[in-house]
Structures are given as C-alpha cells and as structure tokens.
Amino acid sequence: MGPQRLFNPHFGKGADSVYFCRLLNSTLHMSNEYKPSEIEAKWQSYWKNEKIYQVTEDTQKPKFYVLDMFPYPSGAGLHVGHPLGYIATDIFSRYKRLKGFNVLHPMGYDAFGLPAEQYAIQTGQHPAVTTENNIKRYREQLDQLGFCYDWDREVRTSNPDYYKWTQWIFIQLFNSWFNPNTHKAEPISTLLEKFETLGFHGSDDSILTGGIEFDYPAFTSEQWKKFDEKTKQKILLGFRLAYLSEAYVNWCPELGTVLSNDEVKDGVSERGGYPVERKLMNQWSLRITVYAERLLNGLDDINWSDSIKESQRNWIGKSQGASVLFDVQDHKFSVEVFTTRPDTIFGVSFIAIAPEHEMLDQLVESSHLDEVLEYVTAAKNRSERERQSDVKRISGVFTGTYAIHPFTQKEVPIWVADYVLGGYGTGAVMGVPAHDTRDFAFAKHFNLPILQVIEGPQPHDYNEGSYDGKEGNCINSAFLNGLGVKKAIKKAIQEIEDRAIGKGKTNYRLRDAIFGRQRYWGEPIPIYYKEGMPYPVAEEDLPVILPEVDKFLPTETGEPPLGRAENWKYQGMYDYELSTMPGWAGSSWYFLRYMDNKNQQGFVSKEAVNYWEQVDLYLGGSEHATGHLLYVRFWTKFLFDLGLIPKEEPAKKLINQGMIQGRSNFVFRIDCFLGDKKELSFFASKGYIDEVGNIKNIPILFEQFNRQNNQNSRIDFTKIMVVKLNVDVNIVKDDVLDIIAFKQWRADFNDALFVLEDQQYHCTWEVEKMSKNKWNVVTPDAIVSQYGADTLRLYEMFLGPIEQSKPWNTQGIEGVHRFLKKLWRLFYDKDGKLIITNEEPTKPELKALHKTIKKVSEDIENFSFNTSVSTFMICVNELGELKCNKKSILKDLLICLSSYAPHIAEELWHAIGYSDSIVTTSFPEFKPEYLVEDSFSYPISINGKHRTNIEFSLASSQEEISKAVLADEIVIKWLEGNTPKKVVYVKGKIVNIVI
C-alpha cells in the first residue's frame, strides 16, 4: 500500500488540511521505526487543526458529560501525579465516543486564588500576568499528553466574561430566601408579599422562619408598611440567602484576609504557615444551612463513593434532641442548652458554654472575670476544627455562676470550655460525665461529680470512662426510671415541652459559608452601599470589573486591597463592597458554563442545560469532599429551585482518584570531625550503611575510600556522622546515581568523593509525597520527551486501580514502552515495510482479539483501567506468537487501544489505509461465539503416565476418539505391542489407556 492511499483528495477543511495531508503522508512514508516524538506532535496538530474533538448539542445521539475537577494553574506546572485523573477521564471519554455517545469533555482553569496574589505582593507583578503565564505552561503540558478536550469550551474563572455570571448568581442568592414551607429557595418578593399581607409573628413564626433565620420582634402587616427603607433592609438581611452579619472568622493578619476552615491547619494558614486568629467581623455569608436536610437526603440518589458521602454526612452533622432552659441562679434569664441525649438530663453535673457565647459577659462573676477573659482570648484563636479534633487537650474556666437544674432544682456550675462550639446548637451543653466521653474527661480533669443515670447491659467502671451506649435503662432519673433509652428520649422531650422549659429540636453541625475575602485576586462582590445598607448592582451593570490598585495589600487604615482603587464607586456615588469572593465561588457552577461558555445573554441557555443536564462522570481528589463538593451541590440545588436548571445534583457519579506518590532517592554523606572542625566528607554507597543509618564497618569503609580515591586518610576522628540526603531522582536510574550529573547538580558537590560498590553508587529509596523539597518530582515533560505520551498514559494507568494511591517508579516504564514497540512490529518488519494483509483471520486470532474487546470494554465501564493495560500486552504477545498481521484483526485492536494510546493508534490506523480519524469510528462488537471452545487438546496417558496430547472436536464420540488415539503413532510406540484392556475417556478432560 503506497502512501497516496492515506487521504482522499477532498479530505479536510481548506489550506491547513492540504498541509496536514502532505505532512502525514510524508511522515508515514518514512516510518520504519516507532518514533513517538514525531508521531505525537503530528497527530496533536492534526486533531487541533481539524477540530476533531469539537462537540455540539446533537439530539440524534445519547449525551455523556465527563468532567475533571479543573486545576488551579500554579507556577510549578504539572508533575506526573497531576495527570492521573485526566488520563482516566480521557480514556473514558474516547471510549464513550466510540460507543456512539455525544461526549462533552471540557477543561478550564480555577484561576482566582491566594497563591497568585501572594506572588504579586512579593514581586509587584499583577496576578493576571502570573496567572496567564501559568495557564500557558499548563496548556503546553496538557496538550502534549493528547487529551481529547474541546478547548473551544474552555473557561477561566478570572475572565470577566465568566465572573460576570458568578456575580449574577450571587445577586440571585441575595434576592432569594428559603421558604421552609415549600422547602426551597424563592424570590425575596414572595417573602415581602407575606410581610405586607400577614406581618411577622416573631421567633415562633415557624411558617416563615422554620427556626433557622434570625429572630426579630413580631410586627403586623401595617407596621411593616410603615417601616423606613433601612429597617426593612435590615430585617430582610436575616432571611436572604446571601447576607451580611457579624460572624467569627479565621483571620490571618499576615495574609490580611479571612480563611476558610479548609485553609487552616493546626492554627496556622495552610499557605505560608502564618498564625490565624478567630475574630468577630462584619462578613458576607451564604445560608447553606437551610439546605442541610436536602444536602443529606440527596446523597441517597447519587453514585458517589461511600467515603465521600460519609464525609459530607459528618460535616453536615445532623443531630436530633432537645433544647432545654436552665435558669441562672440570682438572675432573671436562662441558659439554653442543646442535647441529643435528653434521657440523661438527671446526670447533669455542670453546664459548659462556648468561649464565643453571646451571654458570656452576663454569666461571669466579677471575681472570675480576668481569668475567664484570658481563657476566652486564647480559646477563640483556635479553629473550630482544631477544637473538635484535639480531644487530648482539656481546658476550661469556671464562671463563678450557677444554673438551676430544671427538674431537680439543684445548683449546676457554669463553665467556659473550648470543646463547646459557639456555632453549634445553642453554644451551650449540659455536662453528663457518666455518659459522654468529652464530658467525662472534663469532669475528671476538674474533679466534678460523675452521676450514673443509665444502667447498661454489662457492668461498667465509671472511674475509668463514660458509658456512651444507647442500650440500657434509666436509673436515678425520677419519671424516666426503668425506661429504655429510646423511650426515655421521647418521654423526656414530652416532659420538657409540657413544662415549657424547652422543646424537641433538630440541629446541624454545618455552618453558613463565610463568603467574603479581604483579598485582591478574586471576583468583586457586586454590592454597593446606600446609607450603610447593602444593595445589589443592577444586572445590566455586570460585570463589576476588578479595579486596578497600586499595591495588592490592605490599605493603611486596614481596608481590603480594593480600598486602594481610585474613583471606584457605583454610579459615581456609592461605595462598592471591598471584599472579594472566595476561591470556591467560581468552581461552584463551572460545570454549567462548559455547556454554553460563549453565551452573552445568560450563564447557560435552556437548550444547552436541558440537553447536557448534569455531569455523568466527575473525577477529582477526595480532599474536596467537604469544600468544593458540598458548595457545588448547594449552588446546584439553589439554581434548580429557581427553575434555571433541570437537575438538583451536579453529578450522577463521582470517582476520587488516588495520589501518585514520589519515589525518593537518598545518598549517604560521611562527615568526619576533629573537634568541631569538619576534616573530611565523602559519599558512601548504600551497601556500607545498615538499616538504621549507621556505618556497618568503619575500617572497611575507610580502606575502600583510600583505595578508590588514592587517599591516605586515617580513621582517628573524634566524630563520624552519617547524613542522609535527598537527591534529585532525575539523575538516578535503577537506583544508581549518575555521579557526573550529581557533581553538576550543586556547586558544593563539584569535588565530591565517593565510595562505590562494583564501580557504581547505589542509592536507597523511600515512598513520600511528591514534592520539590524532596527532589522526587518527575515532570511529564521529561517522560514524554524520552518515552512519549502514549507510554506515560499507559504507565500511569498500569500502576494500579484509579482510586488507590501508588508510588511512582520510572524504572517500570520501560516495560510499557517495549510493549508499544512490540505492537509496532505487528505492522512493520525490521526493514520498515508495512506487512499488513487482507487474509481471513484464524480462530486463535479471533479468540485473542475478542477476549481483548470483552475485557477492555468491561474494564473501562468499571473504571479498572490498570487491568486493561495487561490485557493489551497479553493480546499483542498472543498475536505476535501467531505471527498475525491481518488487517481485520489489527484494526479492531487499534480501536480498543486508541482510548489509552491515541497517538500510535491514529498513526497505525492511517498506515493501514483509513483516511478518517480513528476517533470517528465505532468500538468493535464483541462476539461471544469466538470464545466458545469447540475442540480440546486431550492429554493421553498410558497406565496414568502422560505420553502425548491430541486435539479432538468436543463433538466427537468416545468411540471415535478411542479409535483415533489407538491409531496414533506415538501411542503405538508407547504401547510396545501390548493390547489395551480398556480406554478410559472423560469428555473435555483426559484419555487414559490401561494395559
């Protein structure tokens, strides 16, 4: 077949296509060996210029939407761990296309964020410039891996055309409230109508508030109409889904901004490690709490991993119980506590309130004030997550005040304790040490009474710990005595309500999402202020463009960086909100914008969103379980409530890919001292060092050092130290150090001396997180340059199941590369001649192919990509042994492989005579009849000793088989003239001749 058959003369779309026809033909003409760098560059250009992956809404095909969690483009670029999920979704997307689906597989960038802003502060370079450069780097790396993204649908959250609609969605949140009667968001106009016709009945107006919104004094419809504008707006802020209020936030003075809980680790900022304090600030929040029940219930209807679902359930933290009023002794007010175990109320020995409790000032006796204030200051600066998780740290301060038990009328001391959270329940708990672990630890620490009120099924030592189980009966509990826990809970709530000292209640741990950030590089919040009250910018005035500032730091008076913008006022007269949105704002709806990313009239058209509906497969890291994934579900449900989208969950199926860990290499430096002065340093190969890092035999080591380096060093040093150092894995191969490269790597190693084993320096290794600090980062660029993108794609899948973490080991990549070379040799001989024939395939060839079709299809549908790679290797080995070079077999093998290794598959597809891209064909049909065995190679034994094998049709009769066996030359030889007594035949098993 000559190269002129590769393309028909009318192929393509203009002059560019003519060029590519020439390029492809000329390159193919020279193809005599597998050259991935040439092949991959060629086909990537072809796919790009021919827009092979462009997708439109096509109602004639079933749709399938595959989504990656889009990256934040950091300056470091990608390492080999980052593309793992991208390769998996690329395989799945290509496969679904081959199966006849119209596949949307887009990519974009989560482009706002703190790292670019910090870099801007340090260098003065605008974050937009940094972000653009980083995106360019990411795009180069993504392109070289041959992903089938439709880049015409790219989104960037920092682009005004995108964040215009992020701002628009925020305005919809501001102009909406959650109606607990309909259990969904509604325009604020429906609430105004209720106020104007029904008024408001105060905190007991459950029809309006559902016990969720802020409490306000009751007012009639006539009073509402007479309120001034400012009063009305203030009341409405208590109901809006986007609202402004005082809230405790994680404030980082060094970064000059509020941080989310996810951005704080162990009391310091995750980025930079700066101290973080809890601070009460006027802050924008989103009322995600009203969706708590729907967010919980919705988990039952989506195919997400159990671990992600459990993480979200725990974060939402639904608990049912009762709120109870404890009167404060010698005061005319009460402390309201929330408890999930009202059955244990007779076991209360103290009340604990949160450091943030709103009544703290009223509860502290003057003699205890200084001690309490000192404790509160320290406690507030610990994050809620830290306070919840640090169970070993026990702290608290007595307020000097007592409450009165509502049933026993006994005094109960009131303490301040940081294990109680101000945002959960009422910010106060009743301490029942005998039946709660943290209460027990607190009581033990401060020597408070431990009162048993539940008798469990087994004896329990209350000096050693609490009994938290919900099995057993109440004791020492008046009207609850003898009742089982479940009945006692119901009885206790009923009694609490009958005595009007509280009520049954459902609580959630979930807190409203702090939305404002005192940063520059984010979406401006589209709010302006009139007479101190917030109003939304008119929709026709969107986007509110991020203004230029002279510095990316807070102002000298403490305002956020946007306070530096000159003449930045709405309509030339009103002050804008100076906070920007958090990083998760743009990522909470980006999956919708991909559906219709160029729409100027709306965030997505009805036609597009009704076609694509929701993501069918979403893949990303599990670290986003309670951040991004919870917020994106919240925003989706909100947009669904307003009738703007047809589904209330963003994704049907979610897979969390594991992490590719680094395989670090180490060298051992031997430092020798006389006194405090280092006299000698050299590097010893690992064989001289034992497992705990000590020199095995010092005399032998120094003997080898002197001999190998022509030295005459003695060993009478006062101190000899072994220093284990990370070494750049890119100058190590098969754990052997490239000594020349090592000396060039760092100036202080230029004159390094070595003690070798077998004339080589052998490194040790460990599996660690891939990090620049550990010198174990491997970039895809390096791998692609040496082996090609197809090798990298196959190898990352071959490492193990997609959900599991696994170590990177470049040593194993050679085997995958050899497999592709072996595949190449099925098509070309050693002289570079194409050897494909049109002969009819044999049954063994069809069996090898259809085993592969079946297994690969099942593997991809089950996301078992690693076992598919093994299947391809087995198939190519079998076809090689069969010397198969038949087009009808190899073309279907290429189609199966094309999802995994698209470049070589495209190259060979065109080489065997096809002019259209392999992307446009169909996945081969599995035919089970080719796997059905119709013959069997019977082991033939004589008196139980195996002598030969003979193949017979499984349809053959025992008589036919016996006759043929006895006539076989080898069997006659072994019979040695003896007459068989009988022939034992087991169909499909054995034939044994007895003599």
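In this predicted model, helix α27 keeps quite a list of residues buried: Glu845, Leu846, Ala848, Leu849, His850, Thr852, Ile853, Val856, Ser857, Asp859 and Ile860. The cover over these buried residues includes α3 (83–98), α28 (865–881) and α29 (887–898). As for geometry, α27 runs over residues 843–861, and its 19 residues should span 27 Å at 1.5 Å a residue; the end C-alpha atoms sit 27 Å apart, so expectation and model agree. After α27 comes Phe863, with a positive phi near 60°.

Two of the buried α27 residues, Val856 and Ile860, turn up again among the contacts of Tyr900. Leaving aside residues up to four places away in sequence, Tyr900 also touches Ile91, Arg793, Leu794, Phe865, Ser868, Val869 and Phe872.

Tyr900 belongs to the largest nonpolar core, a set of 182 residues, and is one of those touching the most other members, along with Leu286, Phe515, Met595, Trp635, Trp808 and Leu823. The top contributor to this core is helix α6 (residues 160–174), which puts in nine residues. Another core, of 43 residues, lies apart from it, with Ile345, Ile353, Val364 and Val432 among its members.

On the cysteine side, the disulfide count is zero. Take Cys896: the closest cysteine sulfur, in Cys875, is 8.1 Å from its own, so the pair is too far apart for a bond, given a cut-off of 2.5 Å. Cys896 is also buried, at 0% relative accessibility. Cys252 is buried too, with a relative accessible area of 0%.

Methods. Residues are numbered from 1 along each chain as its sequence is written. This is a predicted model: local features need pLDDT of at least 70, side-chain atom pairs count only at pLDDT 80 or more; totals for chains, interfaces and linings use all residues. Side-chain values use heavy atoms; hydrogens and water are left out. Buried means under 20% relative accessible area, exposed over 50%, partly exposed in between (1.4 Å probe, protein chains only). A nonpolar core is a set of buried Ala, Val, Leu, Ile, Met, Phe, Trp, Tyr and Cys residues joined through side-chain atoms within 4.5 Å. Helices (H or I, at least four residues) and strands (E, at least two) are DSSP runs, numbered from the N terminus. Contact means heavy atoms within 4.5 Å. The expected span of a helix is 1.5 Å times one less than its number of residues.
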